Amino acid sequence: MAADNSSYDYFLQNNPHNPNNSYDTSSNAVRKPVYEEKTETASAPNITMKITPPKRGSAVKMFFAALLALLVFFLVIYGRVETNRMYRQIAQQNELLEIAQSENVRMKSELEGKMTLKNVEEYAEKVLGLQKLDNSQINYVETQTDDIVEIPDEDKNLFTKIIDKFNGFVEYIFG
């Protein structure tokens, strides 16, 4: 069964830890095993292992790709941090706005309390020295409505009277 499995045969023949196998180390590119002749009739197939050198510049490309990925990662994190900072500033400014609005409401109610009629009367009496009127201080003034003074219209010349009549007629027609 082991003879049917070529990978198993390959491992048995090319095992570097097997002291029976010896390799030709003169060439770095291709390692070829040196086989001892076997006396058995069934021999394993001749398999060679080709080691390909790493591609030129692949380490540099991987370094720059990792650097680019790291840069993108830090940019995303920085964007999140800045967004969070802006949200905190907005929240602080909203708190300040709410405080200012409540102070405005308080001051308006205080102002309305000071502007009542009672407070105005007290201020007028105490600070300005004013007093309420009593009936003895009221003086009534009587005027005559029967006397009407009429000013006669000025005498107009004939040309002015015609123009006034014409304007009155046009006004009557057109509304």
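In this predicted model, K114 is exposed, with a relative accessible area of 53%. The side chain of K114 meets that of E110 in a salt bridge, at 3.7 Å from N to O. The protein chain as a whole comprises 4 helices and 3 strands, and buried residues account for 3% of its 175 residues. The points below cover the overall architecture, the salt bridges, the nonpolar surface, the aromatic pairs and selected local features.

**Overall architecture**

- Along the sequence, the secondary structure elements of the protein chain follow the order α-β-β-β-α-α-α.
- The protein chain has an accessible surface of about 17400 Å², and carbon and sulfur atoms contribute 59% of that area.
- A residue is counted as buried when its relative accessible area is under 20%, and 3% of the residues in the protein chain are buried.

- The structure contains 5 salt bridges, including the R85–E82, K114–E110 and E121–K132 pairs described here.
- R85 and E82 are joined through their side chains in a salt bridge with an N to O distance of 2.6 Å.
- Both R85 and E82 belong to helix α2, where 3 residues, or about one turn of the helix, separate them.
- R85 is partly exposed, at a relative accessible area of 33%, and E82 is likewise partly exposed, at 23%.
- K114 and E110 also lie in helix α2, with a spacing of 4 residues, about one turn of the helix.
- Within this pair, K114 is exposed at 53% relative accessible area, whereas E110 is partly exposed at 37% relative accessibility.

- The side chains of E121 and K132 form a salt bridge at 3.9 Å, N to O.
- E121 is part of helix α3 (residues 117-126) and K132 is part of the loop between α3 and α4 (158-174), so this pair ties together parts that are 11 residues apart in sequence.
- E121 is partly exposed, with 33% relative accessibility, while K132 is exposed, with 59%.

**Nonpolar surface patch**

- L68, L71, V72, L75 and V76 together make a nonpolar surface patch of about 460 Å².
- One of these residues, L68, is located in helix α2, which covers residues 58-114.
- L68 is classed as exposed because its relative accessibility is 52%, and the threshold for that class is over 50%.

**Aromatic pairs**

- There are 2 aromatic pairs in the structure.
- One of them is formed by F63 and F64 in an edge-to-face arrangement, with 5.6 Å from centre to centre and 65° between the planes.
- F63 is exposed, at a relative accessible area of 52%, whereas F64 is partly exposed, at 49% relative accessibility.

**The α3–α4 loop and helix α4**

- L130 is situated in the loop between α3 and α4.
- With residues up to four places away in sequence left out, L130 touches A124 and E125.
- L130 is partly exposed, since its relative accessibility is 48%.
- Helix α4 has 17 residues and, at 1.5 Å a residue, should span 24 Å; the C-alpha atoms at its ends are 25 Å apart, which agrees with that expectation.
- G175 follows α4 and has a positive phi, near 100°.

Key
Residues are numbered from 1 along each chain as its sequence is written. This is a predicted model: local features need pLDDT of at least 70, side-chain atom pairs count only at pLDDT 80 or more; totals for chains, interfaces and linings use all residues. Side-chain values use heavy atoms; hydrogens and water are left out. Patches are made of residues with over 30% relative accessible area and no salt bridge: like charges are joined within 9 Å, nonpolar side chains (Val, Leu, Ile, Met, Phe, Trp, Tyr) within 5 Å. Accessible areas come from the Shrake-Rupley method with a 1.4 Å probe; for residues, only the protein chains shown count as cover. A salt bridge is a side-chain nitrogen of Lys or Arg within 4 Å of a carboxyl oxygen of Asp or Glu. Helices (H or I, at least four residues) and strands (E, at least two) are DSSP runs, numbered from the N terminus. Buried means under 20% relative accessible area, exposed over 50%, partly exposed in between (1.4 Å probe, protein chains only). The expected span of a helix is 1.5 Å times one less than its number of residues. Rings of Phe, Tyr and Trp (its six-membered ring) pair if their centres lie within 6.5 Å; planes under 30 degrees apart count as stacked, over 60 as edge-to-face and the rest as tilted. Contact means heavy atoms within 4.5 Å.
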